[in-house]
Number of protein chains: 2
Amino acid sequence: MSRKRMKKVEKMDGTAGQDRQEAERSPRMEARRAAILEAAAEVFFEMGFERANLGAIVRRSGGSLSTLYQLFGNKEGLFEAMVTERCTDVMKALAEPDVPLRDPCTTLCGIAHAFMGVILRPDAQGLWRIIMSEGIKFPSLPEVYFREGPDKLIAHLSEYLVVLHRAGVADVPNPMDAARSFCMLVHSDLYYRVVTGMQPVPDDAALADHIRGAVAMFWRIIMPAGGGKTCHPDDISPSRG
Amino acid sequence: MSRKRMKKVEKMDGTAGQDRQEAERSPRMEARRAAILEAAAEVFFEMGFERANLGAIVRRSGGSLSTLYQLFGNKEGLFEAMVTERCTDVMKALAEPDVPLRDPCTTLCGIAHAFMGVILRPDAQGLWRIIMSEGIKFPSLPEVYFREGPDKLIAHLSEYLVVLHRAGVADVPNPMDAARSFCMLVHSDLYYRVVTGMQPVPDDAALADHIRGAVAMFWRIIMPAGGGKTCHPDDISPSRG
DNA sequence: GTGATAATGTAATCAGCGTTACAGTTTGGC
DNA sequence: GCCAAACTGTAACGCTGATTACATTATCAC
């Protein structure tokens, strides 16, 4: 092990694992790069870092192994580049969920649907597995994942909760903690069971039901003391909680 | 790939990956088995399934590679045996948390402390990473993990919530969902950040603070309509929620 | 066109590691 | 003590896969 590592460190110098950022890249190379990243995502998400092999990635992307090494340095570099790119890409929909402002529970349901819609996507599930298992070996990955994903959603959601609080329709002394809890209640352990393959991705009806239950609980957390006149009863399943 | 797999399947027959269960095992072998499982846990938890190598495990356990193969068949068999054993072992403390029955919030804080105490242990974190990443390839593992861990805690906790509900001190129409939500609020995304190495394990004070906040939120979910006279205000940090 | 440069395809290198074979050693019943 | 069976240690075997070397081909400014 030591010999190979040494060699690699010498070679990569300070830019180990970094995608080369030299000025302009030719458009042809840019296309290669995108294709390789796409193929890498498929393979890494399906197999995990160790089981994935570069041959399979090259076969799918159609390019050549040499190009891959020129662009990404080595397997780890490709891996980090792919995960980083996917994190910002997949989570884009989380930062600015396109949800109509209606009564609070309807809006919260909308946000929850957007949230679940993103994290249940196959590539988001793949990201999750990789972040959980490889986070220790690649510390930059969870960093990016949380910054681009959960943290952005939490910031956005907590802004909304502040609005509710100021308007007096909800009681949210600590909006960040409340937003965090919202996410936990919504993805619930359902997400773990889906990601591990114990359960299939729920269909729309089941998902809607689950979300109604989660939002109902969350509403009880932030509901003002007098009870929530602003929350339409129809949006809250009475059989949950 | 096909050749090797074929060979393995032929060899292992119907008992692939199964620990041999023939009648009595000699006490010497039993000791070997325990030592190998212990070493395997260390190595697998540190490296993950693929990166782990059997040589390192044998070196730590002190036995011989032959014995390992006799006992566990192959790497996968050892892995599955180790994870299965650890799941039932680590989670034992979850099934019957030894928590004094006091006012609800104090009791819930006690349960939460027991919960976090278990899942923050280094081997429990290792289990989590492995279940998340290898669950798809080894479907029996998440099965065991959830059955022995979360499900037992949820069952136990929901019994307690039923008691509260019947006594009229809490409003819990669906105790299973409520128990599930309790776990989510308690481990929170804090757990993700610890498991991925983004944050260190919180010290006692920070943990207690976190748990107070989580229990306070949970209490608002199950609090009866009139408000909770049964919950000591001292147990609930007012700055959270 | 033409030559310098960039990009590709292929094959070789090289180490790591799961697995197996086998020869030696210990154990426990008689 | 002795012998079958269980156990151990070591050294191969074979394969996979990351990495590199190199010869070939495309690109583009002039």
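This is a predicted model: local features need pLDDT of at least 70, side-chain atom pairs count only at pLDDT 80 or more; totals for chains, interfaces and linings use all residues.
1. DNA strand D has 22 residues around it, and those that come nearest are A:L54, A:Y69, B:R32, B:S66 and B:T67.

2. Three elements each supply at least two residues of the surface near DNA strand D: α4 (65–72) of chain A, and α2 (27–51) and α4 (65–72) of chain B. By residue type, this surface divides into 10 polar, 6 nonpolar and 6 charged.

3. With B:S66, a polar side-chain atom lies 2.5 Å from a base oxygen of DNA strand D.

4. Over all chains there are 36 salt bridges. One of them pairs A:E42 with A:R60, with the closest N and O atoms 2.7 Å apart. A:E42 sits in helix α2 and A:R60 in helix α3 of chain A, so the bridge ties together parts 18 residues apart in sequence. A:E42 is partly exposed at 36% relative accessibility, and A:R60 is partly exposed at 47%.

5. A:D177 forms a salt bridge with A:R180, at 3.8 Å between the closest N and O atoms. Both lie in helix α11 of chain A, and because they are 3 residues apart, about one helical turn separates them. A:D177 is buried, with a relative accessible area of 14%, whereas A:R180 is partly exposed at 24%. Shared partners join A:D151, A:D177, A:R180, B:D189 and B:R193 into one salt-bridge network.

Methods:
Residues are numbered from 1 along each chain as its sequence is written. Chains are lettered from A and ligands numbered from 1 in the order in which they are written. Side-chain values use heavy atoms; hydrogens and water are left out. A residue is near a molecule or strand if one of its heavy atoms lies within 4 Å of it. A polar contact is a pair of N or O atoms within 3.5 Å; within protein, one must be able to donate a hydrogen and the other to accept it, and residues adjacent in sequence count only if both atoms are side-chain atoms. Helices (H or I, at least four residues) and strands (E, at least two) are DSSP runs, numbered from the N terminus. Ala, Val, Leu, Ile, Met, Phe, Trp, Tyr, Cys and Pro count as nonpolar, Asp, Glu, Lys and Arg as charged, and the others, Gly among them, as polar. A salt bridge is a side-chain nitrogen of Lys or Arg within 4 Å of a carboxyl oxygen of Asp or Glu. Buried means under 20% relative accessible area, exposed over 50%, partly exposed in between (1.4 Å probe, protein chains only).
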